[in-house]
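Have a look at the picture first, then read on.

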Amino acid sequence: MNRIDVPAEDAKAFEATFLENMRATLAGVPGLRRSSLLRPTEEGQPYVSTMEFDTRADFVAWLRSDSFKAAHSDREAPGMDTSSAIEQYEEIGTIES
């Protein structure tokens with residue numbers, strides 16, 4: 001999970017750039033189950049980007065991959081120069097209906 005602070009005036013450009021970047025760099029990443037970008041519902045909250053991998057090893061392999069480097073290469077892209085906070089979690093239970 002990555003919390004990304006984006007100024008309100010950059011939000012539309014950030015969303016477009018981030019989603020295009022996801023489409024371009026994440027297709028076929030081994031072990032990646034899902035990647036999402038969540039828009040804040042209240043002003044002042046960060047965007048949240050989530051990624052779910054089959055295993056921690058798959059996640060670590062992605063961190064070392066060309067896909068990761070490509071996804072983070074454009075430091076001038078909207079939102080890439082803002083603060084972010086990366087958080088990692090392990091799933092311990094799921095309920096599906």
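Two strands pair if DSSP finds at least two bridges between them. Helices (H or I, at least four residues) and strands (E, at least two) are DSSP runs, numbered from the N terminus. With that in hand, Asn 2 stands opposite Ser 49 in E3.

A heads-up: this is a predicted model, where local features need pLDDT of at least 70, side-chain atom pairs count only at pLDDT 80 or more, and totals for chains, interfaces and linings use all residues. Residues are numbered from 1 along each chain as its sequence is written, and side-chain values use heavy atoms, with hydrogens and water left out.

**Layout**
- The protein chain has 3 helices and 4 strands, and from the N terminus on they run β-α-β-β-α-α-β.
- Along its principal axes, the C-alpha trace of the protein chain spans about 35 × 35 × 20 Å.

**Strand pairing**
- Strand E1 (residues 2-4) runs antiparallel to E3, and 3 bridges join them.
- Strand E2 (residues 32-38) also pairs with E3 in the antiparallel sense, over 6 bridges.

**What's tucked inside**
- Of the 97 residues of the protein chain, 28% are buried (under 20% relative accessible area; exposed is over 50%, partly exposed in between; 1.4 Å probe, protein chains only).
- Strand E3 (residues 47-53) is largely enclosed by the rest of the structure, because 5 of its 7 residues are buried.

**Contacts**
- Counting contacts (heavy atoms within 4.5 Å) with a separation of 6 or more, 54% are between residues 24 or more positions apart in the protein chain.
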